[in-house]
Amino acid sequence: MTTTSPATQTGVHQLPARPGWPDATGHFGIFGGRFVPEALIAALDELTEAYEAMRVDPAFLTEFDRLQRDYTGRPSPVTEVPRFAEHAGGARILLKREDLNHTGSHKINNVLGQALLTKRIGKSRVIAETGAGQHGVATATAAALMGLSCTVYMGEEDTRRQALNVARMRLLGAEVIPVTTGSRTLKDAINEAFRDWVTNVETTNYVFGTVAGPHPFPAMVRDFQRVIGDEAREQVLEREGRLPDAVLACVGGGSNAIGIFTAFVPDDGVRLVGLEAGGDGVDTGRHAATITGGTPGVLHGARSYLLQDDNGQTTESHSISAGLDYPGVGPEHSYLHDIGRAEYRAVTDAEAMEAFALLCRTEGIIPAIESAHALAGAMALGRELGPDTLLLVNLSGRGDKDVETASQWFGLGDREEVDPGPGLDTDQQPTEGAVSNDEAVAGQDAGETA
Amino acid sequence: MSALAGRIAAAKAEGRAALIAYLPVGHPSVEESITAMVAAVEGGADVVEIGVPYSDPGMDGPVIQQAVDVAVRAGVGMTDVLRAVAAVAGAGAVPVVMSYWNPIERYGVERFAADLAAAGGAGAITPDLIPDEAAGWLTASREHDLDRVFLVAPSSTDARLRSTTAACRGFVYAASTMGVTGTRATVSEAAEKLVSRTRAAAPELAVCVGLGVSDGSQAAEVAAFADGVIVGSAYVRELLEGRGADGVRALSRDLAQGVRT
């Protein structure tokens, strides 16, 4: 394992060029826009105006850079993982280490920006939705740092799957409200957060966690997350003298993917690959692969691909990863898909968990299960493209929060001797289905009901 | 000619505000919800807002969420909604559909407008569709001579009050408080101010007030300054608490009394 020394110096901030989208009213082609009650329009206009002023304000940029450097620990390094890459057809794999950020994921990049914006518009309270808990933890962290009161909405189902992050948020002084409506996951947490916002909009700012939602959230969150790709592009060029052949990231709402993709969008030779949560398999209907298995529609304030039935009702998504378990996706991903600039593939729970275990045992890195979907995508793409292909993977978060889920998946908790599990013996090529289907299903059920 | 504007003008000619009742299709069942809508009309509702069930009703409070959830899980869709439209028209009230945008988009905007007009519907209220995003609906509703009801809120700027009311036909829905649907002990003071600001922006358009009205005395209070009084959660609660069509009819009588005082 080799680690690149920090290549990017966060000095005077140079504003990178934005892509040619969205338009002034937040549309990415036919996607995006604002599908919200009129009562929220004034707040969205206020946010848009304040954000557009703030993003070119030198005082803000200096403060934002300082926080990213001194508090988050940016730039995050790029790590080559050759022992893991032995299982990827001889491709070389570089990881962008967002797992090493303060709070353990890329989510902190966005919340520091939005928390500064909250203070700038004179509001004293922030609310957030969270799925895996990473965005909730990041928001609670930024609120503590900046003296804001903080309420986090989290589906009751997710509070059980991610109990560690619930405790972290409460330690940080946030109020965590378990949401018991609908499917009791991220989708319903977003509904509750919008209801809170429309009621308390005079004092409260909604710190949205991903590149979805009504304008300006998709563009604003992209701007705050694009530091991932801006750094990584420079780091890869410096160490390799060339760009990667492909950039891979997991996609739930899609903020870490947009974060690493944006800098590479103008580089036509670089493939952009988003890995969606395939759950039990897209053909089973139990998945969260919104672009792969969904259709365009309107959800949570924007037009984008979503999982819906013939009546236009949002259908429930399924994924072992709480952070990807969302039936919608950011509108920019829908646009990148439709114009053919990015491709989206589904990774099943079993494939993601195989990659998860492999990275743990070959490189000493426990990834978030979300990020493990991107790792699985890299293993498959590496085998397709062959030796010497250079793949850049966004390791969007660390897996501490997932230890319980992984233990249940691999049956580690109730055994004296630990079964090495899939891909753990690195002298052999990983075998498909190393975890039998029966075990896999049992493990997942245990994970959801624990 | 706008069916909604006509009915609200007729109420005004009687020296009163119009009573607009909301009920979602499919709670507790499609048949019972249609019976309840007819009962609301028998009790004195001038207009029935026929709610399209939706899985993510972001503007609704717990009472309506609970009822709509039942309908969503039962698979209630636009065909059932159109049946309710015809029944309400048959009972002598003006039917207007209330729908979040995605069920209409999924059904097909043009197809929805054609089928709604054929069923005798006056038009649609679209709580999460602002005129800025409504190009398809503006075209289809004009094509089929349907009313378009958009919302204004206390937070709307004067410029938005003008542009939103300009896109409306039938009436404009004044969401009286910043918040979600649900009964409240007192009518928000913001409501009267919003109505007067909206009137200034669009003197010719009827302004109907929703969010928080639950009984005859609150209806009377709102009727003093608005052209129509919209009641939702209080009707739904009659069904949730098992009082059925009789409860709905009695509530309509109380509210109808209110809009006449």
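Between chain B and chain A, the count is four salt bridges, a salt bridge being a side-chain nitrogen of Lys or Arg within 4 Å of a carboxyl oxygen of Asp or Glu. Across the same interface of chain B and chain A, 21 residue pairs are in polar contact, both residues at pLDDT 80 or more. A polar contact is a pair of N or O atoms within 3.5 Å; within protein, one must be able to donate a hydrogen and the other to accept it, and residues adjacent in sequence count only if both atoms are side-chain atoms. The pLDDT is the predictor's confidence in each residue, from 0 to 100.

Which elements of chain B supply at least two residues each to the side that touches chain A? They are H3, helix H5 (101-107), strand E6 (151-152) and helix H8 (158-167). H5 of chain B gives the most to that side, with five residues. Helices (H or I, at least four residues) and strands (E, at least two) are DSSP runs, numbered from the N terminus.

The contact takes 34 residues from chain B and 32 residues from chain A, where contact means heavy atoms within 4.5 Å. The area buried between the two chains is about 2700 Å², of which carbon and sulfur atoms give 45%. In chain B, the residues that lose the most area to chain A are B:Asp56, B:Arg106 and B:Glu133, together 24% of what that side buries. Buried area here is the accessible area (1.4 Å probe) that two parts lose on being put together, summed over both.

Let me state the conventions. Residues are numbered from 1 along each chain as its sequence is written, and chains are lettered from A and ligands numbered from 1 in the order in which they are written. In this predicted model, local features need pLDDT of at least 70 and side-chain atom pairs count only at pLDDT 80 or more, while totals for chains, interfaces and linings use all residues; side-chain values use heavy atoms, with hydrogens and water left out.

I turn to the annotated residues of chain B. For "active site", an unreviewed UniProt entry lists B:Glu49 and B:Asp60; UniProt positions are given in the numbering used here, feature names are shortened, and annotations may be inferred rather than shown by experiment. Are these residues buried or exposed? B:Glu49 is buried, at a relative accessible area of 1%, and B:Asp60 is buried as well, at 7%. Buried means under 20% relative accessible area, exposed over 50%, and partly exposed in between (1.4 Å probe, protein chains only).

B:Glu49 sits in strand E2 (residues 47-51). Leaving aside neighbours within four places in sequence, its contacts include B:Tyr22, B:Met98, B:Tyr173 and B:Ile230. B:Asp60 belongs to the loop between E2 and helix H3 (62-73).

Next, the salt bridges of chain A. The whole structure holds 53 salt bridges over all chains. In one of them, the side chains of A:Arg125 and A:Asp196 meet at 2.8 Å, N to O. A:Arg125 lies in strand E6 (residues 125-130) and A:Asp196 in helix H8 (residues 186-200), so the pair ties together parts of chain A that are 71 residues apart in sequence. A:Arg125 is buried at 17%, and A:Asp196 is buried at 8%.

A second pair, A:Arg160 and A:Glu157, meets at 3.5 Å. Both lie in helix H6 (residues 156-161) of chain A, three residues apart, about one turn of the helix. A:Arg160 is partly exposed at 41%, whereas A:Glu157 is buried at 17%. Salt bridges that share partners also join A:Arg18, A:Glu52, A:Arg55, A:Arg222, A:Asp223 and A:Glu332 into one network.

A:Gln225, in helix H9 (residues 217-225) of chain A, is buried at 0%. A polar atom of the A:Gln225 side chain lies 3.1 Å from the backbone oxygen of A:His106.

Finally, confidence. Chain A averages a pLDDT of 90, and 88% of the residues score at least 70. Over residues 1-12 of chain A the pLDDT is below 50, and this stretch has 26 contacts beyond near neighbours in sequence. The pLDDT also stays under 50 over residues 423-450 of chain A. Where pLDDT is low, the predicted coordinates should not be read in detail.
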